[in-house]
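Reader: I am new to reading protein structures. Please take me through this one by question and answer.

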Amino acid sequence: MTDATATDLLVEAASEVGVRQRLALVALGKRRADRSVRVGRLLDVHGRAWHDDQEIVISGRRIAWVGPAGAYPGAVAERLDRRHLSAVPGFGEVHKHIESSHLTPEYEAALVLPHGNTWTCEASHEFSNVNGPKNLEFWLTARLAGSPMKIFPLPGSAVPPTAYEWGGGHFGYDEQQSFLKQQLMVAGLDEVMDWPAVWNPENPSYERLWGMIRATFEQRGVIEGHAAGMRAITDINAFAAAGMASDHEAWTTEEVQDKLRRGLFMELRPHSLPDIIKGLLAAGQQDWSQFALCTDDRSCSDTLKLGATDHNVRLAIEAGLPPEIAIQLVTINPARHMRLTPWVGSIAPGRFADLVLLDDVQKLAIAEVWADGVQVSAGPKFLPPIPRIDWPVWATQTVNIAELIAADAFAIPAAPGRQTMQAAVLRPFHWSDDFITMDLPVRDGLVQRDDTRNVTKFAIVDRFSGEGKTSKMFWLGTGPKTPDTALACTMGHDKHNIWVVGSSDAAMAQAVNALRQTQGGWALVRQGELVSTVVYEVGGLMSCRPAEAVDAEMQALYAEGAKIDWMYEPTFSPRWWPGFPERLAFATLTCAPWRWVLVAPSPLAPEGFVNVSTGNTHPIVW
């Protein structure tokens with residue numbers, strides 16, 4: 001590229017001045033532009049207006065000039081004619097966990113760019129909880145290697161998620177201040193999830209969290225919120241008063257209206273946005289400037305089936321939003337909220353030259369996507385080579401368990417002479433104030449599962465200390481009924497220790513040891529045989545492979561899982577359903593609205609069973 005250097009890849013204060021000086025000269029016609037793209041229509045998202053027969057002039061990776069075709073005063077090295085297409089800005093994700101795609105950033109970019117997604121605010125508390133010190137380096141590596149995707153990292157407030165968890169990373173004031181000072185692409189603080197630790201000065205995470213909030217305020221960053229289950233107006237007021245700027249956890253129109261009225265920026269997710277948008281339109285909502293659409297979590301398998309940001313936009317259009325407003329919700333709105341408008345969010349001078357070229361606006365039919373001033377897709381095909389990154393051992397050796405885990409690590413001893421024991425029992429997405437109490441049988445001095453009542457054993461194995469510290473208890477309505485069968489995974493939101501559920505202790509140990517060998521992913525043992533693995537060798541969360549390869553392993557896992565008799569009991573959560581219990585990866589969350597949870601053994605929760613809203617602990621059997 002003429003006059004372009006690697007300084008265009010990142011947004012850095014020193015190099016940004018030089019980039020802007022060059023762009024000013026190109027805009028004035030005093031320096032030659034690299035290329036221009038002539039389009040039939042261009043959407044100005046600032047005023048929500050279409051302009052016919054427009055020209056976009058590009059220098060390096062940025063836009064230098066936008067206006068009527070033929071009016072640019074300077075020389076252009078290459079002119080491209082796309083008058084049959086309509087141009088809208090590259091789509092942005094205001095809140096997304098790239099790790100949930102299970103692809104490393106360079107491969108995730110190749111998957112989502114043909115769907116229009118050219119920039120993402122990475123909600124970085126997944127990899128941060130695996131290797132906090134390397135967090136920023138991890139998220140900038142793909143970009144520096146040449147990936148067209150712009151990733152704006154927000155360091156995780158949930159590192160660790162609660163004071164009862166540990167290992168992998170620990171962020172406070174100093175770490176957040178450093179992240180924000182060293183790189184302008186760091187947009188703020190990732191979703192503040194531990195609400196009890198924000199409002200309660202006696203909570204052991206209070207000082208750490210407020211330190212991160214302070215550091216973010218000092219650098220004028222954005223403090224993202226997470227207000228799951230928060231419906232009471234007093235709580236919403238307190239949440240906004242504490243400095244939280246947004247919420248992406250709303251499920252109903254009324255909840256959105258209550259939070260919007262208290263100044264929260266509302267980020268709508270696919271599972272609830274159709275009903276919310278319909279409800280808001282019916283209520284007469286006119287101003288959509290405080291809204292964005294967001295993906296949050298989506299696997300590469302689901303993206304292959306549904307799409308990426310484009311899927312969210314189509315859902316909004318189908319729910320009744322005009323396409324122009326729906327497009328604003330993934331362009332200028334999230335860019336304004338994240339204070340990123342100098343670089344992304346619109347087709348305007350100074351911004352990265354990211355374009356989505358449509359051949360049908362109403363259907364959001366994408367013909368081409370441009371990023372960094374070059375075409376990166378034709379229809380669904382990604383065009384550039386994917387950067388080759390040899391991820392270092394700090395990213396690929398993250399399951400640190402020195403010795404093989406033995407079956408007796410999952411045994412739950414009974415008190416001497418007892419025929420039964422009382423047991424604390426949870427079920428997936430157990431949001432109640434109290435745990436369940438059940439009477440369970442004792443055999444050979446150990447408390448036993450009871451598959452006749454859908455009771456099995458669930459455990460968390462620490463993968464950071466080298467010791468494989470294990471907590472275990474009984475869970476209701478999940479896991480395999482098939483004998484000697486277990487499922488284990490290194491993705492366990494948000495601490496990402498290993499979770500395992502099984503019908504025998506030996507099968508649980510076998511599944512965990514398989515993950516120790518593969519360095520992350522899924523492991524399924526059926527009747528004593530390891531029948532399927534999915535490899536997430538980077539951080540135990542992602543794989544450095546194309547989406548199709550990872551999806552093929554997942555489909556094989558599903559096929560083997562279909563041969564197993566899985567326990568099930570309904571809960572009040574819409575996030576839980578029968579069959580293969582993939583959602584257990586999210587059932588290990590410890591943020592609001594969870595109360596009683598199981599975490600790896602820690603000084604504040606020696607058996608790992610703790611109420612994260614009060615700090616109370618309780619024996620798992622008595």
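Author: A definition comes before the questions: contact means heavy atoms within 4.5 Å. Note also that the model is predicted.

Reader: Which strand holds Glu-122, and is Glu-122 buried or exposed?

Author: Glu-122 belongs to the strand that covers residues 117–124, namely β6. Buried means under 20% relative accessible area.

Reader: Leaving aside neighbours within four places in sequence, which residues is Glu-122 in contact with?

Author: Neighbours within four places in sequence are set aside here. The contacts of Glu-122 are then Lys-96, His-97, Ile-98, Glu-99, Trp-139, Ile-151, Phe-152, Pro-153 and Leu-154.

Reader: How many Å apart in space are Glu-122 and Leu-446?

Author: In sequence, 324 residues separate Glu-122 from Leu-446. In space, taken from C-alpha to C-alpha, the two are apart by 45 Å.

Reader: What is the strand order in the open sheet of three strands, and which strands stand at its edges?

Author: The order is β5-β6-β7, and the pairing is parallel. An edge strand has a single partner, so one of its sides has no neighbour in the sheet. The edge strands are β5 (91–96) and β7 (150–155).

Reader: Which helix lies across β6 and β7, and at what angle does it run to β7?

Author: The helix is α3, made of residues 135–144. Angles over 145 degrees count as roughly antiparallel. The angle of α3 to β7 is about 175 degrees.

Reader: How many residues of strand β1 are buried?

Author: Strand β1 spans residues 33–44, which is 12 residues, and is mostly covered. The number of buried residues in β1 is nine.

Reader: In which sense does β1 pair with β4, and in which sense does β1 run with β2?

Author: With β4 (residues 76–89), β1 pairs in the parallel sense over eight bridges, and Val-37 stands opposite Leu-80 there. With β2 (residues 49–59), β1 has nine bridges, and Arg-38 stands opposite Glu-55. The sense is parallel for β4, and for β2 it is antiparallel.

Reader: Which residue in the turn of the β1 and β2 hairpin has a positive phi?

Author: Four residues lie between the two strands of this hairpin. The residue in the turn with a positive phi, about 50 degrees, is Arg-48.

Reader: Why is helix α2 largely enclosed by the rest of the structure?

Author: Helix α2 runs over residues 105–112. Its buried residues include Pro-105, Tyr-107 and Val-112. Helix α2 is largely enclosed because the buried residues number eight of the eight.

Reader: What are the angle and the axis distance for the packed helices α4 and α6?

Author: Two packed helices are described by the angle between their axes and the distance between the axes. Angles under 35 degrees count as roughly parallel, and α4 and α6 are therefore roughly parallel to each other. For α4 (residues 173–182) and α6 (residues 206–218), the angle is about 25 degrees and the axes are apart by 7 Å.

Reader: Which residues in α4 meet α6?

Author: On the α6 side, the residues include Gly-211, Met-212 and Arg-214. On the α4 side, they are Tyr-173, Gln-176, Gln-177 and Leu-180.

Note on methods: Residues numbered from 1 in each chain as written. Predicted model: local features only at pLDDT ≥ 70, side-chain atom pairs only at ≥ 80, totals over all residues. Heavy atoms only, no water. Buried < 20%, exposed > 50% of the residue type's maximum accessible area, 1.4 Å probe, protein only. Pairing = 2+ DSSP bridges. Axes fitted to C-alpha atoms, helices over the stretch in contact; angles between N-to-C directions. Parallel < 35°, antiparallel > 145°, perpendicular 65-115°, else oblique.
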